[in-house]
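The sequence and structure are shown below.

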Amino acid sequence: DAMRSGAEADPLTPPPRYVLTFGAFSLCCDNGTEPALLQPEGLGPDYVLHPTALGLSDLRAETQWVSGLSIPRAGVGELPPPAGRHRDPIAFHQHMNPMLAGLRQIGDARAMTVTGPTTDQTVADVLGAQTRFRSLHLRAQVLDYAPGQNPNCGVMSHRLVGDDVVGIAPYTSPRQVFDLLTSGFLPADPDEAARLAAALASRRSVLDFVDLRLGGLLPRLGADDRARLERHWDALRDVERRLELPPSVETATCTPPVGWYEDPPVDPAGDSGEAERARRFHALIQYAFACDLTRVVTLQYTNFLSMLNASVAGTESRPMHDIVHFGPREVLADVIAWHIDQYADLLRALRGTSEGAGSLLDHSAVAFLPEGGFGYFDFAPTFTYTHATDEMLAIVAGRAGGLTPGGHVRAAAPTNHPVHVLTAMMRAVGVPVDGHGEVSGHLDALFAG
């Protein structure tokens with residue numbers, strides 16, 4: 001009982017995990033009139049996936065779509081509202097403070113200042129103390145691919161250190177992350193690793209090991225001492241049994257990924273194997289969760305204001321940022337589908353790993369957030385503008401804490417800020433918040449009932 005984290009804690013219950021992923025695209029191009037890309041059609045469990053989201057077809061039961069989200073924008077001559085952004089369209093790519101920390105933009109329209117901890121770090125304050133790594137931060141896009149770009153474009157996570165808010169630089173090298181996670185766990189010599197595994201298996205019970213040395217002791221003791229030692233032995237054996245998982249509760253396979261060693265080559269022209277890096281990061285996240293090395297992860301597939309070459313998505317050789325603005329719409333659809341395919345691969349890796357009565361995914365909350373939404377600006381009231389933060393959406397996967405995937409819900413004021421989705425996920429993984437930053441409340445619709 002003393003080993004339990006709380007009076008109601010169950011040592012056999014798999015731990016919750018919090019994962020936040022991100023892709024740098026909006027749901028429309030400039031000067032378009034067509035409906036938003038990626039948005040599902042219909043609400044509830046019978047929604048229809050948009051063609052850009054067909055990579056999630058086999059994951060309908062594990063995902064929940066949330067549309068109708070919005071980051072508020074300042075009025076004419078006004079400062080940003082709580083958890084909101086500047087009115088100036090140029091402020092769009094700088095909205096990570098509202099989007100990830102729930103705090104308003106400060107400074108001028110080009111400032112990317114984050115003024116408080118992001119949601120993942122608030123979660124890490126609670127879950128991180130129980131794992132070797134407090135949190136893990138990854139980015140598939142290796143380079144900025146544009147000179148002079150603000151370095152905050154490639155940082156999702158910010159932590160409060162004393163009175164300062166400090167950005168946490170993500171890893172872009174799967175090999176570095178592999179070495180980080182396996183350091184101190186796996187002997188360099190494969191033969192030594194095999195000997196260690198055999199030794200651990202042969203000493204599965206401490207009492208069995210000790211019995212080999214004390215097996216001749218009991219017959220030589222007096223009746224009272226023998227009874228006392230046997231009661232002590234039985235009590236220790238009972239503790240061992242309680243610490244072992246019953247047959248119905250299986251631990252996730254804690255096996256490091258194999259089959260690759262060096263990272264894909266870096267190409268300053270705009271394609272450094274980002275899709276392959278993402279796939280390897282997914283395998284490393286699965287490994288880290290299975291071994292309970294961390295319970296909090298952020299993963300950027302592309303930077304804010306991404307200049308990654310769209311050729312990675314099998315389409316035109318232009319920066320993704322240009323395609324998001326100028327299209328054509330069919331090429332933007334390919335870029336969006338590429339991001340969704342990466343997210344789907346992560347979910348499959350977690351779903352495919354058994355844990356307890358379910359899977360790693362069942363015990364996780366895993367969100368995907370696009371950078372922008374779908375909407376209009378005053379200077380062009382009849383044409384869509386990619387710098388809009390209206391009609392944003394989020395995808396949430398997993399069943400941690402009662403999350404109920406399998407449908408499409410539409411958020412409405414006053415709980416339709418993207419952070420309302422994140423605070424619901426925070427509650428699902430056991431962080432008792434009802435808001436974050438300047439955002440109050442959470443999205444109840446993510447839970448059953």
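The text describes the nonpolar cores and then the sheet of this predicted model.

**Nonpolar cores**

The largest nonpolar core contains 65 residues, of which L38, L56, W65, Y343 and V366 touch the most other members. At least two residues of this core come from each of several elements, including β3, α3, α7, β6, α8, β9 and β12. Helix α9 provides the largest share, with twelve residues. Another core, of 43 residues, lies apart from this one and has L20, M99, L422 and F447 among its members.

L38 illustrates the packing. Beyond its neighbours within four places in sequence, L38 is in contact with F25, L27, H50, T52, A53, W65, I336, I340, P370 and L393.

**The sheet**

Seven strands form an open sheet in the order β3-β6-β1-β9-β12-β2-β13, and their pairing is mixed. Because β3 and β13 stand at the edges with a single partner strand each, one side of each has no neighbour in the sheet. On average, neighbouring strands are turned by 15 degrees against each other, direction ignored. Helix α7 packs on this sheet and touches β1, β3, β6 and β9. The direction of α7 makes about 175 degrees with that of β6.

Strands β2 and β12 pair in the antiparallel sense over five bridges. W65, one of the core residues named above, has I395 in β12 as its bridge partner.

| Strand | Residues |
|---|---|
| β1 | residues 17-23 |
| β2 | residues 63-69 |
| β3 | residues 136-139 |
| β6 | residues 296-300 |
| β9 | residues 364-370 |
| β12 | residues 392-397 |
| β13 | residues 408-410 |

Technical notes:
Residues numbered from 1 in each chain as written. Predicted model: local features only at pLDDT ≥ 70, side-chain atom pairs only at ≥ 80, totals over all residues. Heavy atoms only, no water. Core = buried A, V, L, I, M, F, W, Y, C linked by side-chain atoms within 4.5 Å. Buried < 20%, exposed > 50% of the residue type's maximum accessible area, 1.4 Å probe, protein only. Helix = DSSP H or I, 4+ residues; strand = E, 2+ residues; numbered from the N terminus. Contact = heavy atoms within 4.5 Å. Pairing = 2+ DSSP bridges. Axes fitted to C-alpha atoms, helices over the stretch in contact; angles between N-to-C directions.
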